[in-house]
Amino acid sequence: MAKSPDQEHPCKAFGWAARDKSGLLSPLCFSRRENGDEDVTIKILFCGVCHSDLHVAKNEWGFTNYPVVPGHEMVGTVMKVGSDVKKFKVGERVGVGVIVGSCKKCESCQQDLENYCPQTIFTYNSHYTDGTKTYGGYSDMIVVDERYVLRFPDNLPLEGGAPLLCAGITVYSPMKYYGMTEPGKHLGVAGLGGLGHVAVKMGKAFGLKVTVISSSPKKETEAIERLGADSFLVTSDPAKMKAALGTMDYIIDTVSAVHPLLPLLSLLKLNGKLVTVGLPDKPLELPIFPLVLGRKLVGGSDIGGMKETQEMLDFCAKHGIAADVEVIQMDYINTAMERLAKSDVRYRFVIDVASSLSQ
Amino acid sequence: MAMSSENEHPVKAFGWAARDSSGHLSPFKFSRRATQEKDVTFKVLYCGICHSDLHNVKNEWGITSYPVIPGHEIVGVVTEVGAKVTKFKVGDKVGVGCMVGSCRSCANCKDNLENYCPKMILTYGTKYYDGTITHGGYSDIMVLDEHFGIKIPDNLPLDGSALILCAGITVYSPLKYYGLDKAGMHLGVVGLGGLGHMAVKFAKAMGLKVTVISTSPNKKKEAMEHLGADEFLVSRNTEEMQFAMDTMDGIIDTVSAVHSLLPLIGLLKNNGKLVMVGAPEKPLELPIMPLLLGRKIVGGSNIGGIKETQEMIDFAAKHNIVADIEVIPMDYVNTAMERLSKADVKYRFVIDIANSLKPI
């Protein structure tokens, strides 16, 4: 007989979970495994609210296994280390992102690309190697194999650094892979939410000219004055879009809603690259002529491996890059989710777990 | 008053043109410019029939201006050279592909990417520097800026090398640009027509494993025994396609009809590249999740620059890569176009211009 969440493991844990596709979160008593030889036990201090958390809480992707405790942008302190743990000591600040396991043997894992391993284990809503469900960071503590734990740089703020563990790596990895790092080149960032605003900051740190491409004119002042974007393009302004044709070397497309690709492809120069990191739930229309006539490409990217995630955190620490966040209490989470669905946040909610998560 | 095609230039010329969107071709008198100082004039020997010719004569892309003389896979022999010509002499063989002009000063032109110059002049149907419309290779003579002439290596047969100038470069360029040219890689080729069969031959010469993906099971024997493909997948056979998932480093997709990208993306390994060289006129559906989860790309490519076209034909000569063709007389061209629209050709028609184009 399947054990209940609070009995399947020896260590008591507490968090907030969604129990059905209303997506409404409420307290859940569950349990974590015993700290194994290669594991690190972490007291969670803060956890970012990623848009994926909302998608999964409401079963919008169709594979949610309720109850689900979301959260894959967490920072905390190490409380216990297993006997074989080499990377961490008790008391250290660490982060946990989107994955907590992989096969460790395949070509992807061997190349530090655990995110492309066919047996990736996600921080929540997956099954661990022992067959039990994984629970995420909207909770008081977590036990993680040290390979999937990140060292959290001292000079990164905890609250602003937490979202980097998903949003940060999601834009950093393709920027590196697709070569979007040559100073002086022109990057377009489509969508100005959690992913987009971090992409702007990273783009500036790479020495790029950055143009935000958005459907909301009211985000312009913020984008330029606070985030440091060089220019702002409203997609519904035909004259401005026309003037910007063929001016961008690359575009990071963070938009999750279904949207037309042709206007974005037209903004690219010859050999330009449009990289999608958002997850529309339906296929998009891809016009082929612009790809052929301009030798352009559309590519995808999915978070990053552990080594690269660490590199990203260190890069952000070096350049003073953190997410712009609104810190909330745990019991605000349902309101936060509603606001997130309407993009009413600048630019990530972060739950102050340690101060507000109580049984 | 605009001059007629016959009178706009001083040198009389003769060819076959389409006059309306029926696409029917018939004899047509026109004229070519006098040989300018950087021009070569040549007698056309052979001209390949590219599928683009068919799209153009029937105005399927909506940009045709009639009358149009198609043909951009042309091989001939030089009869006259301008005073400043250095690349060719009288009697040399010369090839012309899809372009006869470009601005020569933009960043793309300077980078040997004339094919991406915003002012690129196509071999037919485009305005030349002098404002007249270019006419293609279904004709007896041509006058060409030497920069856009390709030297034909001696060991390549003239009729078989014509189509390398379009079909060949169209697949060679993306194999190089997208890094799908390394021995041991696994390449898929979708569609086995003019472009597809060239892709198989080039890729095999580069040392790749090649799998042909086709809707027609009856092409399998030919693909494997004659063209040298290693494997053959029938795209409608879901079991075969499933089994081949996650096995290819890249795919060259030569299919112009609207078709599904999802199964092709599934065939790619992580970091795999799907390269479109056929251009369906309607957008295709792009599923985003598979692209993300495997960090895959869908890219495009359009012919190649002059320098690369020369490199490509030299590569073909070195590896004895010859296109498979059906040589036809000029007056067979309308039947050939009908057969081409049904993909009933192995794998390109080539018009024997010199021996069959007779002035009226």
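Author: Helices (H or I, at least four residues) and strands (E, at least two) are DSSP runs, numbered from the N terminus. This is a predicted model, in which local features need pLDDT of at least 70, side-chain atom pairs count only at pLDDT 80 or more, and totals for chains, interfaces and linings use all residues. Residues are numbered from 1 along each chain as its sequence is written, chains are lettered from A and ligands numbered from 1 in the order in which they are written, and side-chain values use heavy atoms, with hydrogens and water left out.

Reader: In which loop of chain B is P67(B) found?

Author: The peptide bond that joins Y66(B) to P67(B) is cis, with omega near 0 degrees. P67(B) belongs to the loop of chain B between α1 (51–57) and β4 (74–81).

Reader: Is I303(B) buried or exposed?

Author: I303(B) lies in the loop of chain B between β16 (297–300) and α10 (306–318), and its phi is near 40 degrees, a positive value in a residue other than glycine. Buried means under 20% relative accessible area, exposed over 50%, and partly exposed in between (1.4 Å probe, protein chains only). With a relative accessible area of 8%, I303(B) is buried.

Reader: What is the relative accessible area of N112(B)?

Author: N112(B) sits in the loop of chain B between α2 (107–110) and β7 (121–122), and its phi, near 60 degrees, is a positive value in a residue other than glycine. N112(B) is partly exposed, and its relative accessible area is 30%.
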